[in-house]
Amino acid sequence: MTTSTTVPVRRPRPAPAGTGRLLGAGAPDLRTHLARHGAVPAAGPRLIAEIERSGLTGRGGAAFPAYRKLAAVAAGRRAVVIGNAAEGEPASAKDRTLLTHAPHLVLDGLALAAAAVGARRAYLYLPAALVGPLRAALAERRAARVDPVPVDLVEAPDTFVAGEESAVIARIEGRPALPRDKRVRPTESGAFGAPTLVQNVETLAHLALIARHGADWFRRVGTAAQPGTFLATVSGAVARPGVYEAAYGTPVAGVLDLAGGADQALRAVLVGGYHGAWLAGGQLGAGMDRDALRPLGASPGAGVLVALPWSACGLVETSAILDYLAGQSAGQCGPCLHGLPRLAAEFGLLARRDRHVERLAQRITALAPFLQGRGACHHPDGTVRLAGSALAAFADDVSAHLAGHCVAVGRPVAGRAVVAGWSR
Amino acid sequence: MKLHVDWTACDGRGLCTELLPELLARDPWGYPVARDGTAEPAVAPHLRAHARRAVAQCPLLALRLVAR
Amino acid sequence: MASALWYAGRGTGLVALVMFTVVVLLGITTRSGRTLPGLPRFAVAALHRNVSLAAVAFLALHMLTLLGDPYAQLRLVDLVVPFQGAYRPLWLGLGTLAADLVLALVVTSLLRRRLGQRAWRAVHWLAYAAWPVALWHALGTGTDSGTAWLRAVAAGCVLAVVAAVIWRAGAGFAETGPARRRTGAVPVRRAEVRVLAATGDPRVPALRSEQHR
């Protein structure tokens with residue numbers, strides 16, 4: 001449906017209460033969206049100060065303060081803004097859920113960011129399946145003349161590293177979506193040599209709400225260091241796997257409860273995704289925020305939680321993830337291209353309870369210095385982190401495997417991970 | 001002053017590990033590893049000339065000296 | 001005087017050919033990332049560079065002495081533009097062509113940092129064209145073409161380069177090749193994995209929002 005007039009703003013809409021901010025009021029079509037949220041506020045560079053007050057951090061995994069990126073890009077000329085919805089993490093579904101259910105919130109955020117930094121070009125980088133629906137959403141906005149800067153859609157390949165910042169910029173420039181060597185920060189010189197802002201789409205959605213309801217409202221939930229809500233993708237041994245919204249600081253067990261809670265006793269929970277860390281069953285009271293998880297060697301990342309039931313073997317499951325991550329190497333950097341398959345192979349021997357390999361655990365940890373910090377991106381670092389976390393969280397299972405058995409009950413012959421979960 | 005490796009260009013030919021043995025060793029696949037364990041090893045003043053030579057001789061132009 | 005220049009022209013030409021053959025062999029060795037007895041890798045690369053510059057010096061002498069030799073009837077333009085010569089234009093032209101290619105190789109190599117790796121590499125592949133053209137020139141032109149000793153020298157050069165090229169194209173060429181092949185790193189970019197859960201049935205993520213107290 002098309003209208004050629006903008007929806008008049010009668011009065012500001014009430015701010016969402018509780019934690020149902022992004023998903024609670026989602027509206028796929030423009031008319032409902034504007035009715036629920038009100039028109040996009042006029043914005044300019046002053047929005048950056050409000051974002052700073054709000055303490056908004058990136059929702060793509062790195063949790064970098066959003067205002068710093070905005071300010072750095074705004075300092076340049078002829079900026080480019082990119083909304084990143086690539087979501088190469090298989091255990092994450094939040095970005096495509098957000099784009100499906102509240103695309104206009106994301107597009108509002110993109111438009112506001114573009115206005116704040118003085119950008120001339122805006123891009124949305126997204127999976128192939130969402131190009132059609134987003135094209136329709138953009139057509140609605142064009143008809144209503146909502147966006148000052150036209151938005152181009154760029155399809156993201158379905159690979160793990162496609163969402164890495166320099167890979168995003170490469171794809172926008174028309175090259176393959178592979179990470180590049182970092183000479184200059186993208187905020188100084190990125191796509192086509194212009195100052196470039198790359199933000200996760202969830203961050204942009206929060207930005208759109210902060211522009212309407214203010215920094216104080218945003219800080220009402222969450223922690224002081226990480227205010228606001230986040231989207232968690234919960235999967236594994238829970239009653240209702242799905243994407244849920246929660247405030248930062250909510251205990252891990254509490255987020256699992258949003259998904260109906262564990263449907264059996266849990267051995268561990270993978271926090272932060274495939275580059276994250278395992279929390280043992282007894283550590284699930286820790287809050288989902290950086291400060292609470294750091295002492296446990298974990299971080300919220302992009303809000304991924306995978307619940308490992310008691311009956312499953314953490315080493316076997318980690319081995320399957322490592323095999324996947326090794327195969328997802330961009331293949332550009334020697335240490336990653338050769339080191340990750342080696343790490344995956346050694347870990348695989350451990351998972352398969354190969355007793356004939358001497359000092360297996362030490363050989364795995366000895367690979368870490370060959371992988372950390374040596375590559376154009378942090379794919380090898382994240383993979384090493386997962387492997388190390390598994391060796392620590394499943395230490396008793398490591399001893400068992402080295403002796404030829406496994407602590408998980410009722411498992412068939414080790415070597416094949418039981419896989420299920422997302423259909424993509 | 002630090003030594004930066006463009007890993008997308010490096011092919012582990014090993015000239016730099018010969019010209020800067022104080023800073024670099026070789027991993028099992030031939031690629032340079034910083035002996036101090038950092039991603040960009042610091043270049044002490046007495047090694048600067050050697051580092052410049054390593055940068056110039058890299059057959060893939062994968063090395064750079066950066067002021068950090 | 002003329003015959004001195006004539007002898008010098010032939011001599012320097014032959015030396016240049018042999019030296020460029022050595023340059024090709026050193027270049028292939030450099031690419032392999034291997035050491036030579038007594039020579040670390042950076043020295044192999046440096047030797048390749050220095051011998052090539054010395055070879056260029058002999059090539060320049062070869063061209064200049066023949067420029068001065070009235071029998072060769074060379075004009076300045078024939079040193080740069082191929083196939084325009086008055087005396088044996090084809091064979092001379094091949095020499096000019098080879099010299100032009102060598103000039104491109106040397107200039108791009110001296111300016112490698114400015115040009116960038118890709119441009120340099122694209123031009124450097126022309127070495128595999130320059131050398132056979134130079135050899136062909138050597139076999140066809142000049143007073144000594146057809147003599148047994150020239151043919152013997154040429155045969156030696158050809159054998160060496162062919163052997164090196166066969167080695168270059170083979171599997172065991174690079175020093176780091178075997179270790180890298182052992183990792184079995186064949187990037188399977190599209191590997192799909194679903195993770196975890198002994199629950200056993202794949203579920204599509206549902207949209208929910210709950211208030212958390």
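## Chain C: contacts and fold

In chain C, 60% of the contacts with a separation of 6 or more join residues 24 or more positions apart. A contact means two C-beta atoms, placed from the backbone, within 7 Å. The model is predicted: local features need pLDDT of at least 70, side-chain atom pairs count only at pLDDT 80 or more, and totals for chains, interfaces and linings use all residues. Residues are numbered from 1 along each chain as its sequence is written, while chains are lettered from A and ligands numbered from 1 in the order written.

Chain C holds 8 helices and 1 strand, in the order α-α-α-α-α-α-α-α-β. Helices (H or I, at least four residues) and strands (E, at least two) are DSSP runs, numbered from the N terminus. Of its 213 residues, 29% are buried, with 20 or more other C-beta atoms within 10 Å of their own.

## Helix H2 of chain A

Helix H2 (residues 46-54) of chain A buries A:Leu47, A:Ile48, A:Ile51 and A:Ser54. Seen down the axis, these residues fall within an arc of 115°, so they line one face of the helix. The arc is taken from the directions from the helix axis to the C-beta atoms.

The buried residues of H2(A) pack against H3 (66-74), H5 (103-117), H8 (201-213) and H9 (215-218) of chain A. Just after H2(A), A:Gly55 has a positive phi of about 70°.

## Confidence in chain A

Over residues 1-10 of chain A, pLDDT is below 50. Residues 410-424 of chain A stay under 50.

Key: A residue is buried if 20 or more other C-beta atoms lie within 10 Å of its own, exposed if 12 or fewer, and partly exposed in between; C-beta atoms are placed from the backbone. pLDDT is the predictor's confidence in each residue, from 0 to 100.
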